[in-house]
Amino acid sequence: MSDQSSTGKKVIPIVTAAPEIAVPVSPTGAMIRTLGLVSAICGLIIVGAYQGTYDAVAANKRIATERAVFKVLPKAKSIEEFVAQAGGGIARVGAGDTAIPPGGVKFFAAYDEAGKLAGIAAEGVGKGYADNVRIMFGYQPDCQCVVGIGVVAMRETPGIGDKIITDKDFLANFTALDVKLKADLSALANEVKAVKHGTKTGAWQIDAIAGATITSRAVGKAINDSAQALLPRLVPKLDTLAKKS
Ligand SMILES: Cc1cc2nc3c(=O)[nH]c(=O)nc-3n(C[C@H](O)[C@H](O)[C@H](O)COP(=O)(O)O)c2cc1C
């Protein structure tokens, strides 16, 4: 083997030692401490934000609920929240109470300026085209009928399903929708149901919006299921709600 290049110059081979790569020692303890600290700070921030905004969120919720009730019962000036219990009685829901007892049905008693019962409002939910349609409806004991509806939440198609809040003919279904009970007060006398546009024959039926029958049916099911659960418990106790407590 020659150590001369093609130019005749002597080539001195350069031998370098491979650089030593420092392998970092995993600081497991330090990492765990740092992660623990970050988690604790994040937890504190989340809990602090939740507690700091809890009262404001509850107050906003209350205002939104009141607005929804006042919309379906225009004579109402104040509301009180109740639950119709599974056992048959009705109980007032206090300001701080968030949990409804198992099997209970929540409702609102609405009072006029003089403190006289202006009607009952309750929520109901039915499956629509895109998602659940959540509504509030107003109930008048005098006529045993639904006298107004409002939408609490829905994700129906704009221009199609959302006509349930704009279509005057559809809303006319709820000037006196029949939800009377059977003579023994055990259940609704008739199932509340949306029927194809133009085929309504009974006062308990809802004339659906043409092209939005699915959303219309969701409203019918929401009222039917809620009224079916609430009214047999509520109607026998209506006397106790006649005046604001
Ligand atoms: C893109 C799209 C969105 C629709 N959105 C709704 C809706 O929000 N609510 C509804 O009832 N029907 C909706 N429909 C119509 C239903 O598919 C169906 O045709 C209608 O509810 C049936 O009512 P009809 O028998 O009166 O036509 C939608 C249809 C399409 C193609």
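Analyst: What follows covers the sheet, the helices, the core, the ligand shell and some loop residues.

User: Before that, what sort of model is it, and how are residues numbered?
Analyst: It is a predicted model, in which local features need pLDDT of at least 70 and side-chain atom pairs count only at pLDDT 80 or more, while totals for chains, interfaces and linings use all residues. Residues are numbered from 1 along each chain as its sequence is written.

User: Ok, what is the strand order in the open sheet?
Analyst: The 7 strands run in the order β2-β1-β3-β4-β5-β6-β7, with antiparallel pairing. Strands here are DSSP runs of E with at least two residues, helices are runs of H or I with at least four, and both are numbered from the N terminus. Two strands pair if DSSP finds at least two bridges between them.

User: Which strands stand at the edges?
Analyst: β2 (90-92) and β7 (177-178). Each has a single partner strand, so one side of each is left without a neighbour in the sheet.

User: How many bridges join β6 to β7?
Analyst: There are 2 bridges between β6, residues 145-153, and β7. Cys 145 is opposite Asp 178 of β7.

User: And at the other end, β1 with β2?
Analyst: That antiparallel pair has 3 bridges, and Val 83 stands opposite Ala 91 in β2. The hairpin of β1 and β2 has 5 residues between the strands, and Gly 88 there takes a positive phi near 120°.

User: Now the middle. What does β3 pair with?
Analyst: β1 is joined to β3 by 7 bridges, with Ile 79 opposite Ala 110 in β3. β3 also pairs with β4, over 4 bridges, and there the bridge partner of Ala 110 is Gly 119. In the β3 and β4 hairpin, with 5 residues between the strands, Gly 115 has a positive phi near 85°.

User: How many bridges for β4 and β5?
Analyst: They pair over 8 bridges, in the antiparallel sense. Lys 127 has Asn 132 in β5 as its bridge partner, and the hairpin has 4 residues between the two strands.

User: Is β4 buried or exposed?
Analyst: Of its 11 residues, 9 are buried, so β4 is largely enclosed by the rest of the structure. A residue is buried if 20 or more other C-beta atoms lie within 10 Å of its own, exposed if 12 or fewer, and partly exposed in between, with C-beta atoms placed from the backbone.

User: Which helices pack on the sheet?
Analyst: Helix α3, residues 213-234, lies across β1, β2, β3, β4, β5 and β6, at about 130° to β4. Angles run from 0 to 180 degrees between N-to-C directions, and axes are lines fitted to C-alpha atoms, for helices over the stretch in contact. Contact means that the C-beta atoms of two residues, placed from the backbone, lie within 7 Å.

User: Which residues touch the most others in the largest nonpolar core?
Analyst: Among its 50 residues, they are Val 69, Phe 107, Ala 110, Ala 121, Phe 137 and Val 219. Such a core is a set of buried Ala, Val, Leu, Ile, Met, Phe, Trp, Tyr and Cys residues joined through C-beta atoms within 7 Å. α3 gives the most to this core, with 9 residues.

User: What does Ala 110 touch?
Analyst: Leaving out residues up to four places away in sequence, Ala 110 touches Val 69, Leu 73, Ala 76, Ile 79, Ala 118, Gly 119 and Ala 121.

User: Switching topic, which residues surround the ligand?
Analyst: The shell includes Tyr 129, Glu 156, Ile 160 and Thr 213. The shell divides into 5 nonpolar, 5 polar and 1 charged. Ala, Val, Leu, Ile, Met, Phe, Trp, Tyr, Cys and Pro count as nonpolar, Asp, Glu, Lys and Arg as charged, and the others, Gly among them, as polar.

User: Which residues other than glycine have a positive phi?
Analyst: Gln 144 is one of them, with phi near 50°, and it lies in the loop between β5 and β6. Leu 185, between β7 and β8 (193-195), has phi near 60°. Most residues other than glycine have a negative phi.

User: Why does Leu 185 count as partly exposed?
Analyst: Because Leu 185 has 13 C-beta neighbours inside 10 Å. Gln 144 has 17, so it also counts as partly exposed.

Terms used
Near = placed C-beta within 6 Å.
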